[in-house]
Each structure stands twice: as structure tokens, then as C-alpha cells.
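The following note is intended for a reader who is new to protein structures. Please keep the structure in view and read the numbered points in order.

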Amino acid sequence: MTGGHLQIVVCGAGPAADVSQLVKAAQERSWTAAVTATPSAMDFIEPRPLESLTGHPVRSTYQSSPGTRRSLPPTDALVIAPATYNSINKVALGLADNYAMTSVAELIGRQVPTVIGPFVNAALAARAPFRHAVASLRDEGVHVLLGPDDQWEPHPPGSGNERQKAFPWTVAFETAAQLTHRSRPAASGRA
């Protein structure tokens, strides 16, 4: 499937600096993209190059920048990546304590196909709150890229810097595109 609009929510973790890889993967398939950042993610990304790449402002607060349009194209898919331990737990609990988390809560509530790409270490991933959050999100229809089927596992504590270059940006987009394709009604049979 080609075409659509991808909403990206980036969280404060090392791979966030490379979120342009996700934007480019979407654009290569004729998708548009926009980036929303958690407050912590703003320390990891460079908004201006992302804005030039996407054609949309990077949003991190409820207040839009003066002179910018507030609305974006309708969202066909949502990718939350890199998703931190904290953000995954917030999303599962429905906590909307910042603009990014409010956007996520609403898009999941609208049943927009959603993919989460976690970037957590094995010690955090072993915690019961995280395991419950992942199970809860999957029960709600969110695809969490985690485990052997997704070929993405938590990294050993202290090894995040080495692991961030392998972050599955393209897999996240491809999974979102597939979910979107499956969720759209078939075009055949229409008048």
C-alpha cells in the first residue's frame, strides 16, 4: 500500500536523534509524516531539520506556534518510537499529561493503527508494570514491536548506546503500513 499520513510520536531516548529515518521510510512509500515530541524528546531531536523534511512543525506543547496551521492531514497510522519505559506505561494507563500523550490517547481511542517501538533495557522490561502495559496495549490492538516475532528485544542495561543504531525504524513503518492496509475497507466491490 502506498499513500497515507503517518503521525510519529518520539520519546526521549537515544534513537530519537535518528527519527528522520522513519520519516524517510514513510516518504519513500508516498506517505506524508509529522512529528510530535514528548517534552523529554526535545533534548534528543533537532526540530528544524525535521520540519523541513516533513513540511510540518514539530509539536511538543498544546500551544501552536504563531502563524502555523494547527491541523494536520487525517492520520492513517501512528508510530510511537523510540518509546521509553515511562511512555509505554503512560500510554497503557491512558495518562495524558503532555501534548504527545494526549495525542496518542486520542488516536488509539479513534482506533488508528498504532505501532510502538520500545527502547528499554532488559531490567526495565522485566518489571511487572512494563509486562502488564505491553499486554494491555496488545489487548487494545496496539502492535508493540517486542519479542522474537518482531526480532527486537530489550538490550542489556548499560548497552543502549551500542543498540540505538539498530533501532527498527523501517520495521515500525512497514508494520504500521500493513496494519493500515488491513484496517481499510476493500476498494473492490464499490460503485
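1. The loop residue F119. F119 is found in the loop that runs between strand 4 and helix 5 (122-125). Helices (H or I, at least four residues) and strands (E, at least two) are DSSP runs, numbered from the N terminus. With a relative accessibility of 11%, F119 counts as buried. In this note, buried means under 20% relative accessible area, exposed means over 50%, and partly exposed lies in between (1.4 Å probe, protein chains only). When neighbours within four places in sequence are left aside, the residues in contact with F119 include A13, P15, P82, W152, H155 and F167. A contact here means heavy atoms within 4.5 Å. The C-alpha atoms of F119 and A133, which are 14 residues apart along the chain, are separated by 14 Å.

2. Basis of the model. The model is predicted: local features need pLDDT of at least 70, side-chain atom pairs count only at pLDDT 80 or more, and totals for chains, interfaces and linings use all residues. Residues are numbered from 1 along each chain as its sequence is written, and side-chain values use heavy atoms, with hydrogens and water left out.

3. Overall architecture. The protein has 8 helices and 5 strands. Read from the N terminus, its elements follow the order β-α-β-α-β-α-α-β-α-α-β-α-α. The radius of gyration is 16 Å, close to the 16 Å that the globule rule gives for 191 residues, so the protein is as compact as a globular protein of that length. This radius is taken over C-alpha atoms, and the globule rule is 2.2 Å times the number of residues to the power 0.38. Along the principal axes, the C-alpha trace spans about 50 × 45 × 30 Å.

4. Of the 191 residues in the protein, 48% are buried. The protein exposes about 9,600 Å², and carbon and sulfur atoms supply 50% of that area. Accessible areas come from the Shrake-Rupley method with a 1.4 Å probe; for residues, only the protein chains shown count as cover. Among contacts with a separation of 6 or more, 78% are between residues 24 or more positions apart.

5. What is the order of the strands in the open sheet? The 5 strands are arranged as 2-1-3-4-5, with parallel pairing. Two strands pair if DSSP finds at least two bridges between them. Strand 2 and strand 5 (143-144) are the edge strands, each pairing on one side only. Strand 1 and strand 2 run parallel and are joined by 7 bridges; V9 stands opposite T36 in strand 2. Strand 3 and strand 4 (residues 114-118) also run parallel, with 4 bridges between them, and V79 stands opposite V115 in strand 4. Strand 2 is mostly covered, since 6 of its 7 residues are buried.

6. The nonpolar cores. A nonpolar core is a set of buried Ala, Val, Leu, Ile, Met, Phe, Trp, Tyr and Cys residues joined through side-chain atoms within 4.5 Å. The largest such core has 32 residues, and those with the most contacts inside it are L6, I8, V10, I45, V79 and F173. Strand 1, helix 1, strand 2 (31-37), strand 3 (77-83) and helix 8 are the elements that give two or more residues to this core. Helix 8 gives the most, with 6 residues. Another core, of 25 residues, lies apart from it; among its members are I88, M101, I116 and F130. Leaving aside neighbours within four places in sequence, I45 is in contact with V10, A16, V19, A37, L50 and V58.

7. Salt bridges. A salt bridge is a side-chain nitrogen of Lys or Arg within 4 Å of a carboxyl oxygen of Asp or Glu. By this rule the count is 3. One of them joins the side chains of K165 and D18 (3.9 Å, N to O). K165 lies in the loop between helix 7 (160-163) and helix 8 (169-183), and D18 in the loop between strand 1 (4-10) and helix 1 (20-28), so the pair ties together parts that are 147 residues apart in sequence. K165 is exposed at 65% relative accessibility, whereas D18 is buried at 17%. K90 and D97 meet in a salt bridge at 2.8 Å, N to O, and K90 is buried, with a relative accessible area of 14%. R110 and E106 form a salt bridge at 2.4 Å, N to O; R110 is exposed at 56%, and E106 is partly exposed at 41%.
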